[in-house]
Number of protein chains: 2
Amino acid sequence: MRENILGLECVLPDGTVAKCGTRALKSSAGYDLTSLMTGSEGTLGIITNVTCKLHPIPEHVIAAVCVFDDLYQAAEAVAALKLCDVPVARCELLDESSIVAFNQYNETRNEGACIEPMEVKPTLFLEFQGASATAVEEQATMTESIFAGDYGGSNFRYTSDEAERKDLWSARHNLYYASLALRPGAEGAVLTDACVPLSKFAELVSATAEDVKEKGVIGPCFGHAADGNFHCILPIIEGDSEEYLANVHQVNDNLIQRTLAAGGTCTGEHGVGYGKIKYLVQQYRPGGVHMMRMVKQGIDPLNLMNPGKIIE
Amino acid sequence: MRENILGLECVLPDGTVAKCGTRALKSSAGYDLTSLMTGSEGTLGIITNVTCKLHPIPEHVIAAVCVFDDLYQAAEAVAALKLCDVPVARCELLDESSIVAFNQYNETRNEGACIEPMEVKPTLFLEFQGASATAVEEQATMTESIFAGDYGGSNFRYTSDEAERKDLWSARHNLYYASLALRPGAEGAVLTDACVPLSKFAELVSATAEDVKEKGVIGPCFGHAADGNFHCILPIIEGDSEEYLANVHQVNDNLIQRTLAAGGTCTGEHGVGYGKIKYLVQQYRPGGVHMMRMVKQGIDPLNLMNPGKIIE
C-alpha cells in the first residue's frame with residue numbers, strides 16, 4: 001500500500017492542516033511525511049485526503065494454480081521465482097488445512113455449484129500480467145518450468161478468462177470465512193500477520209503449520225508469498241477452554257519470535273494497535289521505540305491522538 | 001533510492017542508537033522511520049548502517065537510442081509508454097543542446113576514437129531488461145511501434161552487447177562534463193532538479209528548454225523521463241556578469257514555479273540544503289513545513305544536527 005501513496009493531507013493535533021508529499025513519482029524535498037503518516041494508526045493526526053498512484057489495467061492476465069507435495073518446497077519455489085526475476089503480479093500460498101477449509105466450505109455453501117473440490121496439497125495461486133500476451137504466457141511457462149523442475153510443483157491449471165479466473169481464485173478469496181467454518185460456532189479468529197525476508201519464508205511458514213498441528217488447534221496458514229508475508233487464521237469460539245486459547249496465542253507468539261529472530265517484522269499489514277506493542281522493543285530495540293516516541297511527542301505532545309496505540 | 005532501503009541504524013542527537021526498519025519487504029510495525037531518515041540530510045541523526053534491497057542482475061538487456069523532431073513529442077512518447085504499461089528499466093531524455101555538448105566534448109576528447117557524432121535532435125536513451133530474451137525484444141518492438149507511430153520517433157538503434165551498450169549510453173554518462181565544456185572556463189554549474197507528474201512532463205521540459213534559449217544562457221536539459229524528473233545544467237564561470245547569473249537563477253526559479261503549479265516537487269533527487277528551503281512553504285503550504293519542524297524538534301530539540309538545512 002505504502003508505495004502507492006504519493007501524498008496526503010492531514011489534520012494535526014494542534015489543528016494544523018499539513019500537506020504531505022506531491023503528485024510527482026519521487027521527491028527529496030524534506031522529510032517523507034507521507035510515509036510517516038501512512039500506517040501511523042491515527043496516533044499522529046487524522047488523514048483527510050490521499051493521492052494515490054494509478055496503474056494501467058493490464059492488457060493480458062493469466063491466473064494459475066498448482067500444487068506441491070510439501071509446504072516448504074512450495075514456499076522455496078516462490079523465492080526461486082523471485083531470484084530468477086520472473087515477474088509475478090500476485091502470488092498466494094495456501095497450506096493443506098486451507099484447502100480442506102475451502103473444500104468443506106464450498107460443499108456446504110454452493111448448492112449444486114460446479115466448483116470441483118481441490119486436491120488437498122499445499123497450493124500456489126498466481127497471476128501474471130502485462131502489456132503483451134506472449135510475455136505473459138512466457139512468464140507462466142518459466143514459472144511452471146522452475147516449479148516442476150526443482151520443487152515438485154504439479155497439476156498446473158491456467159486461465160485467462162475473467163470469470164474462470166475468479167473461480168480459480170475463489171479458494172483464496174473465501175479463505176477467512178472458510179477457516180471460521182472449520183470450527184462451527186466460531187465468530188472470530190486470532191489472525192496472525194508476520195513478514196520475513198524471502199530467504200526465511202519457507203522455514204517460517206512450515207514451522208508455523210507444524211506448530212498448529214502440534215498444539216492441536218485449528219489454523220489454516222497462507223501467505224502473500226512473493227512479499228514473505230504470511231498469516232495463520234486461528235478461529236476461536238466463545239467458551240473455548242483456557243488451554244485452547246493459550247495454545248492459540250502460543251502459536252502466534254512462537255511465529256513472531258521466529259520472525260524477529262529471522263530479521264522480519266511482527267506485522268506486515270495489520271498494524272500494531274495495542275496487541276503488538278510488546279514486540280516493538282524486541283524488533284527495533286529500545287532505541288527504535290525511543291525514536292518513535294520522540295516523533296509522537298514532537299507532533300502530539302498532549303497525547304491526544306488515538307492514545308495508547310503503537311506508543312505506550 | 002528510497003524504495004530500495006529496507007532498514008537502517010542511526011545515532012540520534014541524544015546519543016540513542018535507533019534501529020529503523022527490518023529485513024522484510026514490507027512492514028506496518030509502527031512509524032516508518034526508515035523513510036523518515038532517508039533524505040533527512042543529516043538533520044535528524046547520523047546514519048551508521050543501511051540495509052538495501054537486492055535485485056537479480058538481469059539475464060537479458062537491450063539498450064536503445066532514438067531521436068525525435070521535437071522535445072515535447074519525445075517527452076510525451078515516454079508518458080505514452082508508461083500508460084501502455086510497457087516495462088522500461090531506464091529511460092533518459094536529452095535535448096538538442098545536450099547532444100551538441102556531447103558531440104563537441106567527444107570530438108575534442110577522443111583522439112581518433114570511433115564514436116560517431118550523434119544526430120542533433122531530442123534523443124531518448126532506453127534500456128529494457130528481463131529474464132527472457134523474447135520478452136525484452138518485444139518490449140523494444142512495442143516501444144518503437146508507439147514512438148514511431150504516434151510521436152515521430154526515428155533512427156532507432158539497439159544493442160545487447162555490453163561494450164556497445166556503454167558506447168550507446170556514453171552521451172548520457174558524459175553529459176555533466178560535456179555541458180561544462182560548452183562554456184570554456186566553467187568549473188561548476190547551477191544544476192536544477194525538478195520532478196513533476198508524468199502528464200505534465202512534456203510541458204515542463206520543453207518550457208524550460210525554451211526559457212534557456214530566450215534568456216540567452218547555456219543550459220542543456222535532460223531528464224529521467226519515466227519518473228518525470230528532469231535537470232538543466234547551467235555552467236557558470238568565475239567572473240560571469242551579474243546579468244548572466246541572474247538569468248541562470250531565473251531559469252531555475254521559473255522551472256520550479258512551473259513545477260509547483262503542476263503539483264510537482266522542487267527537488268526530485270538532490271535535496272533541499274539551504275538553497276531550496278524557500279520553496280518548501282509553497283510546495284507543502286505552511287502546515288507541511290510546520291509538521292517537519294515538529295518532527296525536527298521532537299528528535300533534535302537542541303538543533304544540533306546539520307542546523308539550518310531543510311528547516312530554518
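**Figure 1. The hairpin of S10(A) and S11(A) in a predicted model.** The hairpin of S10(A) and S11(A) has 4 residues between its strands. Here A:Gly228 takes a positive phi near 75 degrees. S10(A) covers residues 221–224, and S11(A) covers residues 229–236. The two strands run antiparallel and are joined by 4 bridges. One pair to look for is A:His224 with its bridge partner in S11(A), A:Asn229.

**Figure 2. S10(A) also pairs with S5(A).** S5(A) and S10(A) pair over 3 bridges. The sense of this pairing is antiparallel. Find A:Leu93 in this view. The bridge partner of A:Leu93 in S10(A) is A:Gly223.

**Figure 3. Domain 2 of chain A touches domain 3 of chain A.** Start with the domain assignment. In chain A, domain 1 takes in 2–55 + 287–299. Domain 2 spans 60–176, and domain 3 spans 177–261. The centres of domain 2 and domain 3 of chain A, taken over C-alpha atoms, are separated by 21 Å. The contact involves 23 residues of domain 2 of chain A and 22 residues of domain 3 of chain A.

Now look at the domain 2 side. Helix H2 (71–83), strand S5 (90–94), helix H3 (96–109) and helix H7 (175–181) of chain A each supply at least two of its residues. H2(A) provides the largest share, 7 residues. By class, this side has 15 nonpolar, 4 polar and 4 charged residues.

**Figure 4. Chain A meets chain B.** Each partner brings residues to this contact: 70 from chain A and 70 from chain B. On the chain A side, strand S2 (17–21), helix H1 (33–37), helix H4 (133–151) and helix H10 (277–299) each supply at least two residues. H10(A) gives the most, with 14 residues. The chain A side divides into 31 nonpolar, 27 polar and 12 charged residues. Of the interface residues of chain A, 100% are also interface residues in chain B, so the copies meet through the same surface.

**Figure 5. The axis relating chain A and chain B.** Two copies of a chain are related by a rotation about an axis and a shift along it. Here, a rotation of 180 degrees superposes chain A on chain B, with 0.0 Å of shift along the axis. The RMSD is 0.0 Å. This is the relation of a two-fold axis. Which C-alpha of chain A is nearest the axis? That of A:Gly298, at 1.9 Å from the axis.

Key: Residues are numbered from 1 along each chain as its sequence is written. Chains are lettered from A and ligands numbered from 1 in the order in which they are written. This is a predicted model: local features need pLDDT of at least 70, side-chain atom pairs count only at pLDDT 80 or more; totals for chains, interfaces and linings use all residues. Domain bounds come from an automatic or database domain assignment. Two residues are in contact if their C-beta atoms, placed from the backbone, lie within 7 Å. Ala, Val, Leu, Ile, Met, Phe, Trp, Tyr, Cys and Pro count as nonpolar, Asp, Glu, Lys and Arg as charged, and the others, Gly among them, as polar. Two strands pair if DSSP finds at least two bridges between them. Copies are superposed by least squares on the C-alpha atoms of residues with pLDDT of at least 70 in both.
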